[in-house]
Amino acid sequence: PTYMIFGESTQPAKWKRDPDFDRRDLYIITQNALADGFYEKYIRDHYGVDRPTAQNAFERWLGRDKQYPPSPLIFPTKQESEVEAKAMVEEKHVSKPEEMGTLYHSAVAKLIFELNKKDHEFFVEESFPMEWSYPYAVPHGLVYRINPEPLESLPKDVVEKDFAFWNDYIKKLTSNPMYFQDYDAQRSFSKLRVTMGRIYSFRKMKKEAERALMQSLELWPDNLEALSVICELLWERGEYEKPIKLLAKAASDDPDDISVLQMAEVALRREKLQSQIAAEEYTLKRNPKDRETFKKLMDDYILINNTNRFPDLLVQGKKNFGEDREILERVAQYYCQQTNYHMAQQTIEQLTQVEPKNPLHWFELSRVAMYLGNTNAALVAAKKAIDEGGLTYRQRIQNEVLYEKLRSNPEFQSLLGIPVRNDSQNPH
């Protein structure tokens, strides 16, 4: 697309298959690079209000005076992007560096949309999911359009048109005998259909989501992203046999794909534990403070990797067992394993209220603060750990690699009893 816009469009008509082909009205931006400083400069030079003009005859001969759309785009400032990204990170309780990077890309895309939606239409060929756009998303052939304002629901005729388009397109692709020998084509078209499946799922249109995801698997039966989403939908409604068959097919096609094999094992465990989990959920619903049932259900959810219901269970546990040290520790441990350090921090703070004299809670709170990059909170909690735990915890903190970047911090040195050098007293 970049070549067709910037290269093909600018060529003399005699060289073109379609003499009238000219798509210099399009602005192309990749969501995967919006956090990169070099790429930011690249697109600002193409489309920004302060983009450079063709300076001399050579640049004009290259076509730089007429290569780009005449109307510029407005781009967010670095500060605006950072504020939006921080809000997304806090809303999603994300701590993994790769996920934080993805959200930064997403935040910049959102701001570009908001700053320019009055004057331009936006279309998305999705790479990673941009969930902020889902309330605005309208299916548009292979991609989706972002409506200027959120939609309460998708019109029935729009949904029908979407499935009619894909039914016809899948028939065209799969009737070509070369299609199932073209791995990249399978992956690409299957990925495009997963996107709309996610959007239908986001809107709780479960029937449509399942249809779209099955179309994605028709295009590529081994698409792990599609398998992951559709299995969750099927498990939610208590269907266990179909996920096992879908995953068995994918595992058979690619026996070296560890992720598929792991999902297949989870599917088998879910089928085996379904009646036991249903009984535990029923018991806990009748008696939310049944401690042993809560523990069993938590263990079973971990065993089957139930990512949908588990967050609600943990919130329920923090509320109903707010003074139960063992359960709070288990909840905090799970959050840490999932690198959800925001929620881990909240849970450990509860533990410090339950047992304010327990140095381990303060030590763990300090470590979580370090993961979150909050050194001030980390130092405060570390001091409490040393106050309550003495020399043992001073040594633990001294040996903990997480504190490496604080080694030269005077407050940290003082905390560990290391004499702080005062250069003003040095006669040299």
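Visitor: Which residues do ring pairs link into a cluster?

Guide: The structure is a predicted model, in which local features need pLDDT of at least 70 and side-chain atom pairs count only at pLDDT 80 or more, while totals for chains, interfaces and linings use all residues. Residues are numbered from 1 along each chain as its sequence is written, and side-chain values use heavy atoms, with hydrogens and water left out. Rings of Phe, Tyr and Trp (its six-membered ring) pair if their centres lie within 6.5 Å; planes under 30 degrees apart count as stacked, over 60 as edge-to-face and the rest as tilted. The cluster that ring pairs link is made up of Phe6, Tyr27, Tyr47 and Tyr68.

Visitor: What is the angle between the planes of phenylalanine 113 and phenylalanine 122?

Guide: Phenylalanine 113 counts as buried at 1% relative accessibility, and phenylalanine 122 likewise counts as buried at 18%; buried means under 20% relative accessible area, exposed over 50%, and partly exposed in between (1.4 Å probe, protein chains only). Their two rings are 5.4 Å apart, centre to centre. The pair is edge-to-face, with an angle between the planes of 85°.

Visitor: Which helices hold tyrosine 169 and phenylalanine 189?

Guide: These two residues form a tilted aromatic pair, 5.7 Å centre to centre and with 45° between the planes. Tyrosine 169 and phenylalanine 189 are both buried. Helices (H or I, at least four residues) and strands (E, at least two) are DSSP runs, numbered from the N terminus. The pair ties together parts that are 20 residues apart in sequence, because tyrosine 169 lies in residues 156–174 and phenylalanine 189 in residues 183–202, namely helices H6 and H7.

Visitor: Over the ring of which residue does the charged end of arginine 211 sit?

Guide: A charge sits over a ring if NZ of Lys or CZ of Arg is within 6 Å of the ring centre and within 35 degrees of the ring normal. The charged end of arginine 211 is 3.8 Å from the centre of its ring. The charged end of arginine 193 sits 5.0 Å from the centre of the ring of phenylalanine 163. The ring under arginine 211 also belongs to phenylalanine 163.

Visitor: Is glutamate 210 buried or exposed?

Guide: Glutamate 210 is placed in helix H8 (residues 206–219). Not counting residues up to four places away in sequence, glutamate 210 touches Ile230, Leu233, Leu234, Arg237 and Lys242, where contact means heavy atoms within 4.5 Å. Its relative accessible area is 13%, so glutamate 210 is buried.

Visitor: What is the phi of lysine 204?

Guide: Lysine 204 lies in the loop between H7 and H8, and its relative accessible area of 66% makes it exposed. Most residues other than glycine have a negative phi. Lysine 204, although not a glycine, has a positive phi of about 65°.

Visitor: Which residues is alanine 378 in contact with, leaving aside its neighbours within four places in sequence?

Guide: Alanine 378 is found in helix H17 (residues 375–389). At 0% relative accessibility, it counts as buried. With those neighbours left aside, the contacts of alanine 378 are Ser366, Ala369 and Met370.

Visitor: What distance separates the C-alpha atoms of glutamate 271 and isoleucine 304?

Guide: Glutamate 271 lies in helix H11 (residues 258–286) and, at 33% relative accessibility, counts as partly exposed. It touches Tyr240 and Ile244, when residues up to four places away in sequence are not counted. Isoleucine 304 is 33 residues from glutamate 271 along the chain, and their C-alpha atoms are separated by 9.4 Å.

Visitor: How many helices and strands does the secondary structure of the chain come to?

Guide: The C-alpha atoms of the chain fill a box of roughly 85 × 75 × 40 Å, taken along the principal axes. Of its 428 residues, 42% count as buried. The secondary structure comes to 19 helices and three strands.
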